[in-house]
Amino acid sequence: MKEQLEEILKNGVQEIENVQDLKALDELRLKYLGKAGALTAILRGMKDVKPEERREVGSLANLVREKIETALSEKLAELENAKLLADMEKEKVDITEPSRGIKRGALHPITRFNNKFMEICVEMGFTVIQTPEIETDYYNFEALNVPKNHPARDMQDSLYITDTILMRTHTSPAQVHAMETLKPPFKIVCPGRVYRNDDDSSHSPIFNQFEALVIDENVGLKDFMSMVREMAVRLYGKDVKMRIRPAFFPFTEPSIEIDATCQICHGKGCSLCKGTGFSEFFGGGIVNPKILEMSGIDSKKYSGFAFGPGIDRSVMVTNKIPNIKYLFRNDLRFLKQMR
Ligand code: DAH
C-alpha cells in the first residue's frame, strides 16, 4: 500500500505539472481526490491494513493528499494568472493613440427655423398647439369654406386615404380645431408637416407650414399688420421692409399676401426675388365671419386674423438650397453643410 501511495504521489504531481488548461486540471482533481478517485480508494481500504501499519500508512496517505492538493491549487493559480494575462493582452488599449474626434449632431435647418419662429410667437403671447396630420374633409376643407369644386379637393392634388379622409394639405385645419375647443380671446400657432401631390425642384409631397390665429374683440387689419411687422423685425431685423398685395383665400376676407425684404440681396434685387427686392413672407387675412360661426364663435362679438407661412421656401432661400428634396433626404453630406 505504501508503494501504491508513493506511485500516486509521483504520477499525480507529474501529471498536474504537465497540465495546460483549467478543464484538464479539474479532471485530474477528480481522478485523484474525487469520490471515485485513486486516493479516495486507498483511504477506503485502510480498514484492511494491519493495525501496526495503519498509523504509518495513514499519515503517508494524508501527506500524499496534501501534496496533491497543494500541487492542484498552485497549478490552478498559475493557469488562472496566465489566462488573465492573455485576456489583458487581447483587450489592450493604446492610450497614446490620437483621438478620432467627436462627431457632433446639429439641428435640421427646418427645425432651427421652426424653433426660432416658435420662440418669437411664444414671446408674443401665442400658445403652440399640434393638430392631426391625417384630417377629415370637413376640417381640411369644408369648415374652412373651401368649396366642393375647389381644385385642392381633387384626388389628383390632395393625398386621400379614403373618400373623406386625407393627409392635411395645409395647417389651416388647426384654426378650426382651436376655434372649436378654445374660448376666445386666444392666440395660437401650429407648426407642422403638410402633404400635397406635388413633386418638382421647388415642390415636395411633404412640406412645412405654420398656422397662426388670433381671435379677440375688435381686432382688424391694423392689428394684423402691426403684429406681422413685429414678427418680421424679430426674425429679420429692424430694417426689414414690407409690402401687401391683395390675395384670395376662402377662409379670410379680405385676404392679403405679405412680402418682406429679400433676405438674399437685402432689398437690392437679385435673381431669387426677380429684381424686386422682396420675397413672399406669407398669406393671411381677416378670418371670414362664416368660419367663426361654423366653429361656434359669435362673429358679432369676436373677430380675428390668421396667417400661414410656408417654411421650406424661406429655409431654401436663406441657405441657397437649389432643390427642396435636399431638406427631406437625410443625406449627411448635405446636412453637414447646413450646420
Ligand atoms: N393655408 C394656406 C395655404 O396653404 C395659407 C393660409 C392663407 C393660411 C391664409 C391662413 C390664411 O391662415 O389665413 O396656402
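The legends below describe close-up views of a predicted model.

**View 1. Two domains of the predicted protein.** The protein is divided into domain 1, which covers residues 2-90, and domain 2, which covers residues 109-337. Between the C-alpha centres of domain 1 and domain 2 the distance is 87 Å.

View 2. In the side chain of Glu-211, an N or O atom is 2.4 Å from an oxygen atom of the ligand, while a polar side-chain atom of Gln-175 lies 2.8 Å from a ligand oxygen atom. Phe-307 takes part through its backbone, with a polar atom 3.4 Å from an oxygen atom of the ligand. The ligand taken alone exposes 350 Å², and the protein buries 89% of that.

**View 3. The open sheet and the pairing of S8 with S9.** The open sheet has 7 strands in the order S1-S4-S5-S9-S8-S7-S6, and its pairing is mixed. Strand S1 (127-128) and strand S6 (242-249) are the edge strands, each of them pairing on one side only. Strands of a sheet pair through backbone hydrogen bonds, in either a parallel or an antiparallel sense. For S8 and S9 the sense is antiparallel, over 4 bridges, and Gly-284 stands opposite Phe-307 in S9. Phe-307 is also the residue whose polar backbone atom is 3.4 Å from an oxygen atom of the ligand.

How values were computed. Residues numbered from 1 in each chain as written. Predicted model: local features only at pLDDT ≥ 70, side-chain atom pairs only at ≥ 80, totals over all residues. Heavy atoms only, no water. Domains from an automatic or database assignment. Polar contact = N/O pair within 3.5 Å; in protein donor to acceptor, adjacent residues only side chain to side chain. Areas by Shrake-Rupley, 256 points an atom, 1.4 Å probe, with all protein chains shown as cover. Pairing = 2+ DSSP bridges. Helix = DSSP H or I, 4+ residues; strand = E, 2+ residues; numbered from the N terminus.
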